[in-house]
Amino acid sequence: MSTFEKNMKIRKIHVSGYEDVVELIDESRGLHAIIAIHNTSRGPALGGTRVYPYATFDHALEDVLRLAKGMTYKAAGANTQTGGGKSVIIFDNKKPKPKEMLQAFAEAVNYFKGRYICAEDVGMSLADMGIVGHYTAYAVGLPHPESSQDPSPFTAFGVLKGIEATVEYIWKSPLEGKIFALQGLGAVGMELASYLFWQGAELIVADLDQERVKKAVKAFGATAISPDKILEAPCDVLVPCAMGGILNSESIPKLHCRAVAGASNNQLLSAEDGQRLKQRGILYAPDYVINSGGLINVCTELESSGYSPKRARDQITKIYSILREIYQRAEKRNLSTDIVANQIAEENLAKERKNNEKPCLRSWVNA
Ligand code: NAI
């Protein structure tokens, strides 16, 4: 029996619709994790590792299942050669993470022999990923010169392409002179503000961090607004780049925009909110489609010729046509855009994989 098998308690949990859900506990090294593989029909399940002090095991399980399924749809929607999976480590991410816990986690990832590939997520830093990457080849987005590094500029570029598709669809015009209300000026939001500025857009911005707001006002001539007013700001396009759940039964009636197109994950609070937006005549760019640039960028690492920012950029440009197709279909079939995005992702999942090339993992294990 290997040290891994001796130390690690492995419990398989049967969850209908998921290929593998496994709880992994290594008490001696302080690891309590769950790895969920939702679907590998298009390739290995790729999804970040979230480190969070979940109040209960069931909260952690619920989160990992929701996120893993979300990754299947995101990957299928973006047409990457990956499937959907996710992992969570139940740990207080305010405390420094013990190196041996990250090593034990990497060994847990190895247990799946490449069916699951991990990456950075909330609570996991690039430096932490560097440690994980010493012990498993099944990790991407590492602090290594040949790795894809910070995804945010690529995510922002994908959102820009999505905004172009949205504006073109509604107004048949470029972005120049259109008013964008940007919620959140973080890694993605600030980069996007810059891209929009250079396209001649007018910006209204809000962030909890006043330094970031000042920066955008100075650099892009943006108009500042308080964070509690940004969703109601009169504008052409609302661009959420902060947090999830912002589109709901309370906020949707107060929106003063013609479209919502931004990077935030899980923008719709409930399944009905897509329909609510449609009823108000607001065109919604489904979040997991418009924000897939970061995923596309990291997936480029798995191609046989290795990571290339140019290939990532070219692939991300396709977000424009993917969104256009969603808008056209939604209009034709009188459906909300989130429903159509899910339908297209499901169709892609059902298709035979055209390219059977195996993802190529470059190992820096113990490098
Ligand atoms: P970040 O943490 O760098 O920036 C978020 C910004 O939003 C911060 O400046 C924060 O102060 C601000 N903020 C928080 N609450 C706010 C509020 N109520 N009103 C106004 N501003 C508020 O995050 P990042 O990386 O820019 O991501 C933004 C969103 O995009 C998140 O929802 C993230 O999950 C999503 N996303 C990010 C990707 C990436 O490549 N970074 C990829 C795909 C999705």
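**Helix pairs and the ligand site**

Helices H6 and H7 are roughly parallel to each other, a label for angles under 35 degrees. This is a predicted model, where local features need pLDDT of at least 70, side-chain atom pairs count only at pLDDT 80 or more, and totals for chains, interfaces and linings use all residues. Residues are numbered from 1 along each chain as its sequence is written, and side-chain values use heavy atoms, with hydrogens and water left out.

Helices here are DSSP runs (H or I, at least four residues), numbered from the N terminus. The axes of H6 (residues 187-198) and H7 (residues 210-220) come within 11 Å and cross at roughly 15 degrees; axes are lines fitted to C-alpha atoms over the stretch in contact, with angles from 0 to 180 degrees between N-to-C directions. On the H6 side, Met190, Ala193, Ser194 and Phe197 meet Arg212, Lys215, Ala216, Ala219 and Phe220 of H7, with contact meaning heavy atoms within 4.5 Å.

Next up, H5 (residues 152-171) and H11 (residues 309-317): their axes come within 9 Å and cross at roughly 30 degrees. That makes this pair roughly parallel too. Phe154, Phe157, Gly158 and Lys161 of H5 touch Pro309, Ala312, Arg313, Ile316 and Thr317 of H11.

Now for the ligand: 21 residues surround it, the closest being Thr155, Val188, Asp207, Arg212 and Asn265, where a heavy atom within 4 Å counts as near. A backbone N or O atom of Val188 sits 2.9 Å from a ligand oxygen. A polar backbone atom of Ala263 is 3.4 Å from an oxygen atom of the ligand.

Notes. Helices (H or I, at least four residues) and strands (E, at least two) are DSSP runs, numbered from the N terminus. Angles under 35 degrees count as roughly parallel, over 145 as roughly antiparallel, 65 to 115 as roughly perpendicular and the rest as oblique. A polar contact is a pair of N or O atoms within 3.5 Å; within protein, one must be able to donate a hydrogen and the other to accept it, and residues adjacent in sequence count only if both atoms are side-chain atoms.
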